[in-house]
Amino acid sequence: MLVFIIIFWICLFLIIHSYIIFPLILSVLSRNKKINEINFNNKSDDLPTISILLAVYNEANVIEEKIHSTFKTNYPLNKIEFLIGSDASTDATNKLIENLRLRFPSIKLSLFAGRTGKSGIINQLADIANGEILLLTDANVFFNEETIFQLVKHFKNQKIGQVGANIINTIHKKEGISFQEKSYLKRENLIKFQEGLIWGCMIGAFGGCYAIRKKLFVKVPPNFLMDDFFISMNVLAEKFNAINELNAECFEDVSNKIKEEFRRKVRISAGNFQNLNYYQHLLFKPFSGIAFCFFSHKVIRWITPFLLIILLFSTVYLSFYSNFYQITLLFFLISIFIPLMDSLLKTIHIHIRIIRFISHFYLMNLALMIGFFQYKKGVNTNVWKPTQRNQ
């Protein structure tokens, strides 16, 4: 019985640590702490040249707005080149880009005849990039005039290897999960900012927008799904700092469809385990911010589906010996059925946020578990299908 008690409390502690204790630790340690602005570039300085890298596939709905938002910037236009790789797009994407090249001649379009995958395109675009700094972004992430400068200003500090943007989700609806996704991503932005502020080790920039020194860019291996995380972790492995800049705001429409977000989370999960296998050595750096943040922020969350299963079985066993565990099991079983309850309530147009949050938690953990088994089965391609947005 003692063994099951120990297992129960270890599993419960790990989940609580990742979702509650770790963010509280970051909040306390980052209080009154600021980045030294002496290490910032000013707009009057001779700013570094940048190459913006963008892989697109059938992005006709957003590509014009993306390009216009990019060049509506206070960063010197003569210091920007915009490299776009079209992954065998079959809609009007290529034509729209060609038309905009007449207005923005720093755009260079590369056409790929067969589906290559985002990381394959980014690898090839990085080879021909001339900028000192690479800015990687997605077609549905839109900039304001400050975004580029706020990212690049940090590279005056030679210790900085990567700077992530503050991606803000603009639209949410009560009918789906966009509010829950928006809340989750807002919290993630803050956690990444605090990790960078305290230890200089933001664990994985959001792939929608981040900047990196070209010398630190590493080609993503074939069939790796999470190219942004792979590139980010290499910066830390090379002993450079990675930070998140909250003033580098850009805007993205978050998905509202559970099915779409579930599919995306499964893909992300498989990629997470690829990266865990590749960068597991970073966990074995005792007393380092990298190991602590990597384990607390990412690894525990990735294994939470399995912690929940172990927790359930240990609670079932212990419920035969203790009223406390009987009550715990009752609440556990009720919570597991909340996604079904949420689904039934939606059919009669009742949307309760707390229930939706619990439902979202379980569904995303189910996606993590499915992604793990996809990873174990083997990932044969990194070709992607854009998530449906603007819903």
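His281 sits in the loop between α8 (258-279) and α9 (289-318), where helices (H or I, at least four residues) and strands (E, at least two) are DSSP runs, numbered from the N terminus. Ten residues along the chain from His281 comes Ala291, and 9.0 Å separates their C-alpha atoms.

A word on what you are looking at: this is a predicted model, in which local features need pLDDT of at least 70 and side-chain atom pairs count only at pLDDT 80 or more, while totals for chains, interfaces and linings use all residues. Residues are numbered from 1 along each chain as its sequence is written, and side-chain values use heavy atoms, with hydrogens and water left out.

Now go to helix α1 (residues 2-30), which has a kink of about 55° centred on His17; the bend at a residue is the angle between axes fitted to the seven residues ending there and the seven starting there. The buried residues of α1 include Phe8, Leu14, His17, Phe22 and Leu26. After α1 comes Asn32, with a positive phi near 65°.

A pair of aromatic rings is described by the distance of the centres and the angle of the planes. Rings of Phe, Tyr and Trp (its six-membered ring) pair if their centres lie within 6.5 Å, and planes under 30 degrees apart count as stacked, over 60 as edge-to-face and the rest as tilted. The structure holds 27 aromatic pairs. Phe8 and Trp9 form one that is edge-to-face, at 5.0 Å centre to centre and 85° between the planes. Phe8 counts as buried because its relative accessibility is 3%, whereas Trp9 counts as partly exposed because its value is 40%. Phe294 and Trp302 are also edge-to-face, at 6.1 Å centre to centre and 80° between the planes, and both Phe294 and Trp302 are buried. These two belong to one aromatic cluster, which also includes Phe229, Phe306 and Tyr375.

Charged side chains meet rings too. Arg301 lies over the face of Tyr19, 4.7 Å from the ring centre, and Lys43 lies over the face of Phe149 at 5.3 Å. Such a charge sits over a ring if NZ of Lys or CZ of Arg is within 6 Å of the ring centre and within 35 degrees of the ring normal.

Phe294 also leads us into the largest nonpolar core: among its 45 residues, Leu53, Leu134, Leu136, Ile212, Met233 and Phe294 touch the most other members. A nonpolar core is a set of buried Ala, Val, Leu, Ile, Met, Phe, Trp, Tyr and Cys residues joined through side-chain atoms within 4.5 Å. Helix α7 (residues 227-237) gives the most to this core, with six residues. A second, separate core of 41 residues includes Val141, Cys209, Ala211 and Ala248.

Our last stop is strand β7 (residues 209-213), where five of its five residues are buried. Cys209, Ala211 and Arg213 cover one side, and Tyr210 and Ile212 the other. Tyr210 is the bridge partner of Leu136, and Gly164 stands opposite Tyr210.

Notes
Buried means under 20% relative accessible area, exposed over 50%, partly exposed in between (1.4 Å probe, protein chains only). Two strands pair if DSSP finds at least two bridges between them.
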